[in-house]
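Have the sequence and the 3D view open side by side.

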Amino acid sequence: PRSPIATKPFHCLPAALPWHAVVVLMAEAAAEEVAGEDIFYVCKKTLETVQEKLKKSETIAEEDVKELTFPENLEDSEIMVPVDMRGVGEDFDDVEQMVEKLGPEGTAKAFVKAAEYFDANKDGEKEEDRPKPMTAAEWRQVLEEDDMLEGEEEDLLEGEEEELVDEDGEEEAEEPPSKKAKTD
């Protein structure tokens, strides 16, 4: 997953961002564009249950969506499968936003579409290069590592912003060099 900073246009990034951080963010953005995927992992067993409920026009509860998308309460050995969120056709910040906008049933349908999109492999990726299923324990580990990386990026940005603030807590403005008076 790409850093939240990398999703911003580069002209919106803090001016004090060090050049090497900009290079890293640009590389992340380029890699994302090349890969194109927007991968999320869901519980395989719950995805299959949700698909069956949808086929039978049964009610999808918010609890079904939570079980599908949040690995915290799953057994370590439960299988998580990749889905490509581009199949949803709309961008969302997180699952909560999806549920708020689409409701539990709409969210479940969106994840089924994302699974179908992933399975269709519209980018024609080689099978060995595609994201693989993993256990819930492995997925939780990935999420923890992502959280740690995001925290480090935020610390880096906050440290750079602090350099722009003087002792009085006011931001120092870059002043243009003084012009010398013309002497003729």
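Start with helix α2 (residues 44-55) and helix α4 (residues 95-120): their axes come within 10 Å and cross at roughly 115°. Axes here are lines fitted to C-alpha atoms, for helices over the stretch in contact, with angles running from 0 to 180 degrees between N-to-C directions. Helices (H or I, at least four residues) and strands (E, at least two) are DSSP runs, numbered from the N terminus. The crossing of α2 past α4 is left-handed, meaning that the near helix is turned anticlockwise from the far one by less than a right angle.

Before going further, keep in mind that this is a predicted model: local features need pLDDT of at least 70, side-chain atom pairs count only at pLDDT 80 or more, and totals for chains, interfaces and linings use all residues. Residues are numbered from 1 along each chain as its sequence is written, and side-chain values use heavy atoms, leaving out hydrogens and water.

So who touches whom? On the α2 side you'll find L47, V50, Q51 and L54, and they meet E105, A108, K109, F111, V112 and A115 of α4; contact means heavy atoms within 4.5 Å. By class, that contact has seven nonpolar, one polar and two charged residues. Ala, Val, Leu, Ile, Met, Phe, Trp, Tyr, Cys and Pro count as nonpolar, Asp, Glu, Lys and Arg as charged, and the others, Gly among them, as polar.

Now for the second largest pocket, with a volume of about 220 Å³. A pocket is an open set of points on a 1 Å grid over the protein atoms alone, with protein on both sides within 12 Å along at least five of seven lines; a cavity is a set where a 1.4 Å probe fits but cannot get out, and lining residues have an atom within 4 Å of a point. Of the 17 residues lining this pocket, V81, P82, A115, F118 and D119 lie nearest its centre. Helix α4 gives the largest share of the lining, five residues, while α2, β2 (79-84) and α4 each supply at least two.

Zooming out, the chain has five helices and three strands, running α-β-α-α-β-α-β-α from the N terminus.

Methods: Grid points are joined across faces, edges and corners, and a volume is the space filled by probe spheres set on the points.
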